[in-house]
Amino acid sequence: MKVKIKKWNAVASWLWVANDESCGICRQAFNGCCPDCKVPGDDCPLVWGQCSHCFHMHCILKWLNSQQVQQQCPMCRQEWKFKE
């Protein structure tokens, strides 16, 4: 007996592994996307600071650009440095 597959629909899901479930700036879920993006995924990556707080890349860049003097983490107010 042979089986011929006429149509196949693939379904996939992904999940960011972060210390929180949502961005501390925009409050959107990390599994979704920031308000500036239309589609979650590689175009809306997460970034971590040395303080271990995590944000959407677009959110933290906007936050840092809005700071007048010191660039601080919006959660703990430590100097913001990207984790390498």
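Mentor: Happy to! pLDDT is the predictor's confidence in each residue, on a scale from 0 to 100. We need that here since the model is predicted. The protein averages a pLDDT of 86, and 99% of the residues score at least 70. Confidence is lowest in β1, with a mean of 90, and highest in β2, at 92.

Let's pick α1. Its buried residues are C59, I60 and L64. They sit on the same side of α1, because they cover an arc of only 125° around the axis. In general, an α-helix has 3.6 residues a turn, so residues three or four places apart point the same way. The cover over the buried residues of α1 includes β1 and β2.

Now zoom in on C59, which lies in helix α1. C59 counts as buried because its relative accessible area is 7%, and the cut-off is under 20%. Setting aside residues up to four places away in sequence, C59 touches C23, I25, C26, C34 and P35.

Follow the contact to C23 next. Beyond its neighbours within four places in sequence, C23 meets Q28, F30, F55, H56 and C59. C23 is also among the residues with the most contacts inside the largest nonpolar core, along with F55, I60 and W80. That core has 17 residues. The elements giving it two or more residues are β1 (46-48), β2 (54-56) and α1 (57-66), and α1 provides the largest share, three residues.

Definitions and conventions: Residues numbered from 1 in each chain as written. Predicted model: local features only at pLDDT ≥ 70, side-chain atom pairs only at ≥ 80, totals over all residues. Heavy atoms only, no water. Core = buried A, V, L, I, M, F, W, Y, C linked by side-chain atoms within 4.5 Å. Buried < 20%, exposed > 50% of the residue type's maximum accessible area, 1.4 Å probe, protein only. Helix = DSSP H or I, 4+ residues; strand = E, 2+ residues; numbered from the N terminus. Contact = heavy atoms within 4.5 Å. Arc of directions from axis to C-beta.
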